[in-house]
Amino acid sequence: MGVGSLDVAIVGATGAVGREALSILESSELPVSRVKLFASQFSRGTELSFRGEVVRVEVVAPGCFRGVDVAIGTTSAEVARSWVPQAVGEGAVVVDNSSAFRMEEDVPLVVPEINRDAVAAFRRRGIIANPNCSTIQLVVALHPIHVAAGVSRIVVSTYQSTSGSGQQGMDTLSREVLELYRTGSGAGTPAPLPEEEESPYPHQIAFNALPHIGDFLPDGFTTEEWKMVDESRKILCAPDLRVCVTCVRVPWFACHGLSVAIETERPISVDEARRVLANAPGVVLEDEPENQVYPMPFMHAGSDPVYVGRLRADPTVPNGLVVWIVADNLRKGAALNAVQIVEALAPYLSTPTSA
Ligand SMILES: NC(=O)c1ccc[n+]([C@@H]2O[C@H](COP(=O)([O-])OP(=O)(O)OC[C@H]3O[C@@H](n4cnc5c(N)ncnc54)[C@H](OP(=O)(O)O)[C@@H]3O)[C@@H](O)[C@H]2O)c1
């Protein structure tokens with residue numbers, strides 16, 4: 001019996017997460033025998049490369065997932081709802097980055113550093129969901145503290161880069177910055193948006209910060225903020241965890257930052273929290289404020305770990321810690337986590353090839 005091999009599809013392969021997933025898959029040790037790439041009709045025929053071979057982008061059509069072992073989904077939730085059932089029906093297991101299935105009871109929501117074994121539940125629906133980008137970096141850093149001292153409440157403020165809105169978000173930031181420099185209008189003057197160009201934002205993002213990600217709900221929070229609440233509780237198996245989130249879009253390209261105030265059931269000193277985080281999988285502790293060392297988005301674009309720094313005790317509550325967390329939203333926040341899920345899934349899926 002030879003080494004098992006996998007046929008992998010990426011649906012949404014031309015997008016910000018899809019391109020990153022293809023690149024991470026390429027450098028992974030997964031025994032990929034074939035990749036199929038899908039996107040919208042506008043990208044049909046686009047040539048991308050995988051391990052030295054040119055792969056042409058296709059559009060989803062009946063039968064296109066036959067023979068595919070695992071399909072990595074990097075489309076919007078609305079688009080995912082249209083192709084995921086078809087892919088499962090044609091025999092593929094789907095690892096989906098969108099929010100379409102994350103909170104469904106029979107769909108595991110997986111961050112391998114925390115609940116790797118949950119991938120086995122793919123058998124229930126044929127779908128594994130990848131969490132929201134900010135949720136992933138939050139729980140990777142929070143889980144070790146939760147295990148050590150029991151996290152009871154968190155207050156989170158996010159600083160989310162424009163790549164979190166996909167390619168269109170980054171294109172909008174570039175266009176606005178160039179336009180403001182070209183016209184010399186600078187900060188304080190709204191950037192004129194050419195009518196034919198679409199921005200994913202309701203206001204200028206260049207030199208600005210928008211306390212608005214997702215749609216506003218009747219309670220004043222946004223859909224993005226509620227995703228972080230619900231998904232953190234599901235991944236940490238902590239339905240009573242109290243979570244209060246404010247999500248903010250900021251004008252840089254890559255990496256999200258999170259300021260997190262944590263309350264724990266049992267006391268944990270800053271030194272103990274540092275020790276726990278320094279030994280946690282997927283976490284890099286960067287915490288030497290006396291040497292100006294702390295995680296910065298500028299430094300960590302393109303990196304895999306979740307970086308944690310600025311650890312300090314919160315003097316306003318009995319058991320309180322405050323931390324600052326940075327990770328690349330396109331990598332650990334999306335594509336890398338999805339490929340790690342495929343790695344955890346591979347032993348269940350690999351078809352033996354003849355020696
Ligand atoms: N960006 C992040 O940091 C991040 C993090 C975690 C999760 N996510 C989630 O991941 C998903 C992708 O995000 P993104 O940022 O990569 O978005 P994106 O850059 O806008 O990419 C979207 C992709 O979907 C494709 N697509 C559109 N309609 C399609 C259709 N009918 N059939 C097949 N493919 C279609 C697009 O193809 P064309 O190029 O042909 O239009 C493109 O490849 C979203 O659900 C997002 O919420 C994103």
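A: What follows goes from the domains to the ligand shell and then to the helix contacts.

The model is predicted. The protein is divided into domain 1, made of 6–131 + 335–349, and domain 2, which covers 134–329. Between the C-alpha centres of domain 1 and domain 2 the distance is 25 Å. To their contact, domain 1 contributes 13 residues and domain 2 contributes 16 residues. On the side of domain 1 that touches domain 2, the elements giving two or more residues are helix H3 (112–115) and H10. H3 gives the most to this side, with 3 residues. By class, the side of domain 1 that touches domain 2 has 7 nonpolar, 4 polar and 2 charged residues.

The ligand comes next. Its shell holds 31 residues, and the closest are Gly12, Gly15, Ser43, Ser98 and Gly166. H1 gives the most, with 3 residues. The shell around the ligand consists of 18 polar and 13 nonpolar residues, with no charged residue. Both domain 1 (6–131 + 335–349) and domain 2 (134–329) give residues to this shell, so the ligand lies between them.

H1 and H10 have axes 9 Å apart and pack at an angle of about 45°. The two helices are therefore oblique to each other, and the crossing of H1 and H10 is right-handed. From H1, the contact uses Val17, Glu20, Ala21, Ile24 and Leu25; from H10, it uses Arg331, Ala334, Ala335, Leu336, Ala338 and Val339. By class, this contact of H1 with H10 has 9 nonpolar and 2 charged residues, and no polar ones.

The axes of H5 and H10 come within 8 Å, and they cross at roughly 90°. H5 and H10 are therefore roughly perpendicular to each other. Here Cys133, Ile136 and Gln137 of H5 meet Lys332, Gly333, Ala334 and Asn337 of H10. The residues of the contact of H5 with H10 comprise 3 nonpolar, 3 polar and 1 charged. Ala334 of H10 takes part in the contact with H1 and also meets H5.

H5 (residues 133–149) has a further partner in H7 (residues 223–235): their axes come within 9 Å and cross at roughly 45°. That angle makes H5 oblique to H7. The crossing of H5 and H7 is right-handed. On H5 the contact is made by Ser134, Thr135, Leu138 and Val139, and on H7 by Lys227, Met228, Glu231, Ser232 and Ile235. By class, the contact of H5 with H7 has 4 nonpolar, 3 polar and 2 charged residues.

To put the helices together: H10 packs against H1 at about 45°, H10 crosses H5 at roughly 90°, and H5 in turn crosses H7 at roughly 45°. As for the ligand, it lies between domain 1 and domain 2 because both give residues to the shell around it.

How values were computed. Residues are numbered from 1 along each chain as its sequence is written. This is a predicted model: local features need pLDDT of at least 70, side-chain atom pairs count only at pLDDT 80 or more; totals for chains, interfaces and linings use all residues. A residue is near a molecule or strand if its C-beta atom, placed from the backbone, lies within 6 Å of it. Helices (H or I, at least four residues) and strands (E, at least two) are DSSP runs, numbered from the N terminus. Ala, Val, Leu, Ile, Met, Phe, Trp, Tyr, Cys and Pro count as nonpolar, Asp, Glu, Lys and Arg as charged, and the others, Gly among them, as polar. Domain bounds come from an automatic or database domain assignment. Axes are lines fitted to C-alpha atoms, for helices over the stretch in contact, and angles run from 0 to 180 degrees between N-to-C directions. Angles under 35 degrees count as roughly parallel, over 145 as roughly antiparallel, 65 to 115 as roughly perpendicular and the rest as oblique. A crossing is left-handed if the near helix is turned anticlockwise from the far one by less than a right angle, and right-handed if clockwise. Two residues are in contact if their C-beta atoms, placed from the backbone, lie within 7 Å.
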